[in-house]
Amino acid sequence: SIHIEVITLYCSAEGEWIETEIGETTTLSCVSDDYEGQRTRECSYVDGAAAWGPSISTCVPKAPVISYPEPSYTFTKYDPISEVIPTTQYIIDSFSITPSLPLGLSFSTTTGRITGTPIDLSPATEYTIIASNSAHSVSTTITITVSEVSCPSDTLPTLFVRSAPQTEMYQCFSLVSTNLET
């Protein structure tokens with residue numbers, strides 16, 4: 001009589017890879033939620049034993065998400081702005097903006113933040129901000145206007161210049177004189 005015994009060979013569990021039968025492939029998610037794709041590893045029969053093949057990854061960074069608190073901003077010439085900070089999600093390697101911001105405003109290519117003191121007037125202009133990583137680039141737009149100093153009708157703007165650091169700012173002063181009595 002012939003006796004046939006079938007032995008199923010398995011690759012042993014290894015780290016996060018579970019025990020897997022020869023000829024089967026195990027699939028795992030990417031290491032971080034910032035990535036999309038999967039990792040696979042095949043269990044093969046090599047030299048009379050079960051052996052794991054290399055891990056193959058299709059994981060790439062997810063598309064960045066970027067937004068700014070407001071769709072448009074109006075700044076005043078010579079008035080320092082409150083820092084404009086985007087909300088972001090997932091991996092972002094760099095930011096860019098087009099066209100260039102008005103003179104005096106700065107854009108961080110590492111954080112996407114806008115800072116500074118505008119020194120030139122600028123009509124409402126749409127700016128495209130691009131957030132990029134190694135797999136994706138996404139964009140959003142904001143509108144920025146830089147307007148002239150606006151003072152109430154009974155006041156006059158007066159320019160002050162400080163030498164260290166070199167900054168300019170306007171303040172509105174009343175045209176009405178006051179008499180102080182003792």
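Strands are DSSP runs of at least two residues marked E, numbered from the N terminus. In these terms, the predicted model examined here shows a protein chain with zero helices and 18 strands, and Ile4 is found in the segment before strand 1, which spans residues 10-11. Ile4 is exposed, with a relative accessible area of 68%, and together with Ile2 and Val6 it forms a nonpolar patch on the surface, the three residues having about 410 Å² of accessible area together. For the chain as a whole, the accessible surface comes to about 11900 Å², of which 51% belongs to carbon and sulfur atoms. Of the 182 residues, 25% count as buried, and among the contacts between residues at least 6 apart in sequence, 47% join residues at least 24 apart.

Strand 2, made up of residues 20-21, includes Thr20, which is buried because its relative accessible area, 6%, is under the 20% limit. The C-alpha atom of Thr20 lies 5.3 Å from that of Tyr10, although the two residues are ten apart in sequence. When neighbours within four places in sequence are left aside, the residues in contact with Thr20 include Leu9, Cys11, Cys43 and Trp52, as well as Tyr10 itself.

Strand 5 (residues 38-46) and strand 6 (residues 49-52) run antiparallel and are joined by four bridges, with Ser44 standing opposite Ala51 of strand 6. These two strands make a hairpin with two residues between them, and in this hairpin Asp47 takes a positive phi near 50°. Most residues other than glycine have a negative phi, and the value for Asp47 is thus a positive one in a residue that is not glycine. Asp47, in the loop between strand 5 and strand 6, is exposed, with a relative accessible area of 80%. A positive phi, of about 75°, is also found at Tyr90, likewise not a glycine; Tyr90 is located in the loop between strand 11 (87-89) and strand 12 and counts as partly exposed at 29% relative accessibility.

An open sheet is formed by four strands in the order 10-16-15-12, with mixed pairing. Its edge strands, each of which pairs on one side only, are strand 10 (72-76) and strand 12 (94-98), and the twist averages 30° from one strand to the next. Within this sheet, nine bridges join strand 15 (residues 122-132) to strand 16 (residues 137-147) in an antiparallel arrangement, in which Ser132 has Ser137 of strand 16 as its bridge partner. Strand 12 and strand 15 also run antiparallel, joined by five bridges, and the bridge partner of Ile97 is Ile129 in strand 15.

Side chains of opposite charge can pair when their charged atoms come close, and a search of the whole structure finds three salt bridges. In one of them, Arg41 is paired with Glu14, the closest N and O atoms being 2.8 Å apart; because Arg41 lies in strand 5 and Glu14 in the loop between strand 1 and strand 2, the pair ties together parts that are 27 residues apart in sequence. Arg41 is buried, with a relative accessible area of 12%, while Glu14 is partly exposed at 39%. Another salt bridge brings together the side chains of Glu16 and Arg39, with an N to O distance of 2.7 Å. Since Glu16 lies in the loop between strand 1 and strand 2 and Arg39 in strand 5, this pair ties together parts that are 23 residues apart in sequence. Glu16 is partly exposed, with a relative accessible area of 48%, and Arg39 counts as buried at 11% relative accessibility. A further salt bridge is formed by Arg113 with Glu83, with the closest N and O atoms 3.5 Å apart. This pair links distant parts of the chain, 30 residues apart, with Arg113 in the loop between strand 13 and strand 14 (114-116) and Glu83 in the loop between strand 10 and strand 11. Arg113 is partly exposed, with a relative accessible area of 32%, and Glu83 counts as partly exposed at 40% relative accessibility.

Definitions and conventions
Residues are numbered from 1 along each chain as its sequence is written. This is a predicted model: local features need pLDDT of at least 70, side-chain atom pairs count only at pLDDT 80 or more; totals for chains, interfaces and linings use all residues. Side-chain values use heavy atoms; hydrogens and water are left out. Buried means under 20% relative accessible area, exposed over 50%, partly exposed in between (1.4 Å probe, protein chains only). Contact means heavy atoms within 4.5 Å. Accessible areas come from the Shrake-Rupley method with a 1.4 Å probe; for residues, only the protein chains shown count as cover. Patches are made of residues with over 30% relative accessible area and no salt bridge: like charges are joined within 9 Å, nonpolar side chains (Val, Leu, Ile, Met, Phe, Trp, Tyr) within 5 Å. A salt bridge is a side-chain nitrogen of Lys or Arg within 4 Å of a carboxyl oxygen of Asp or Glu. Two strands pair if DSSP finds at least two bridges between them. Axes are lines fitted to C-alpha atoms, for helices over the stretch in contact, and angles run from 0 to 180 degrees between N-to-C directions.
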